[in-house]
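Take a look at the model below.

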Amino acid sequence: MLDLNEFLTFSAIADTKSFSRAAEKLGISKALASKHVADLEQSLGVKLLHRTTRKLGLTPAGEMFHERCRQLIAHAEDARHEVEQFRSSPGGHIRISSAMTFGRRHLMPAVARFLARYPEVSVDVDLSQQFPDLITGGADVVIRQADEPVLLSLVARRLAPMRMVTCASPAYLARHSSPRVPADLAAHNCLVYFANARGEWNFRGAEGDCAVKPKGNFRANSADAVVEAALNDLGVAVVPTFAASEALRDGRLRCVLPDYHLPERALYAAYLPNPTMAHCTKLFVDFLVEQFGDAPYWD
């Protein structure tokens, strides 16, 4: 009798090109992963993998079998998701990926509230700037800003506007004259959040649009890091309001250039188009829309 666990193990190895990574993903030992493949090759009577000390690849039979395994696993997942709706209390497992600052400040409290409402659901949360591969099972839901090109191939539900604010600490502004128009930023140390920067800060005011190329001695791919740099009196920052709102409310940061606005983006929950998406995943996305919305609490 065929062991479907062997199919799952083989597919994970083929996806990751590694026995170690596949075993870690499946929560089994590397030895057991090797045994699954050896037993599968023996029962099928064909070689599925080319293995050397440096490289792992699929044989022609392995390529064909891998595709069939992917289809089989997808059908099994669909069957599980379809049955979940008959549970009296929603359950299941959700893998969530989010950028670090939004994930730490806002997603995690929302996840806690979601699990309090649906205690039979379990979640894995990955806070990283790297966009995961949803095709190979890196995540079920990805929380990202709208202008990520990769979102174009996914279903994306708008969660909240992502507004940017120009700000600096009171101590920095006491040492330097506060900018009155965007052109004044040329005389300031600009703190750049390059995850959102496109080489320019584009302001819109009553006189029209104005583009500024920020110059300074600090750049980071984390909004939290840029906020911390501003709190440490290093310069003028442009960051999302979801990262700076607390410091702005308590006066540790001050808004500068209040009459000039930066382009507004949006935060989305993105996932693969799948008519049999897990019930718990749909519940979670609906919950996030409910929690944030067009007037999020941080604004």
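This is a predicted model: local features need pLDDT of at least 70, side-chain atom pairs count only at pLDDT 80 or more; totals for chains, interfaces and linings use all residues.

Residues are numbered from 1 along each chain as its sequence is written, and side-chain values use heavy atoms, with hydrogens and water left out.

Start with helices H2 (residues 19-26) and H3 (residues 30-44). Their axes come within 8 Å and cross at roughly 105°. Helices here are DSSP runs of H or I with at least four residues, strands are E runs of at least two, and both are numbered from the N terminus. Axes are lines fitted to C-alpha atoms, for helices over the stretch in contact, with angles from 0 to 180 degrees between N-to-C directions. On the H2 side, Phe19, Ser20 and Ala23 meet Lys30, Ala33, Ser34 and Val37 of H3. Contact means heavy atoms within 4.5 Å. By class, this contact has 4 nonpolar, 2 polar and 1 charged residues. Ala, Val, Leu, Ile, Met, Phe, Trp, Tyr, Cys and Pro count as nonpolar, Asp, Glu, Lys and Arg as charged, and the others, Gly among them, as polar.

Now turn to H5 (residues 100-117) and H8 (residues 241-249). Their axes come within 9 Å and cross at roughly 55°. H5 and H8 are therefore oblique to each other. H5 contributes Thr101, Phe102, Arg105 and His106, while H8 contributes Phe242, Ala243 and Glu246. These residues divide into 3 nonpolar, 2 polar and 2 charged.

Which residues of H8 are buried? They are Thr241, Phe242, Ala243, Ala244, Ser245 and Ala247. Buried means under 20% relative accessible area, exposed over 50%, and partly exposed in between, using a 1.4 Å probe and protein chains only. The cover over these H8 residues includes H5, E6, H7 and E14. After H8 comes glycine 251, with a positive phi near 85°.

Strand E14 (residues 265-271) has 6 of its 7 residues buried, so it is largely enclosed by the rest of the structure. E5 (residues 141-145) pairs with E14 in the antiparallel sense over 4 bridges. Pairing requires that DSSP finds at least two bridges between the strands. In this pair, glutamine 145 stands opposite leucine 267 of E14. E6 (residues 155-162) also runs antiparallel to E14, joined by 7 bridges. There, valine 155 stands opposite tyrosine 271 of E14.

Methods:
Angles under 35 degrees count as roughly parallel, over 145 as roughly antiparallel, 65 to 115 as roughly perpendicular and the rest as oblique.
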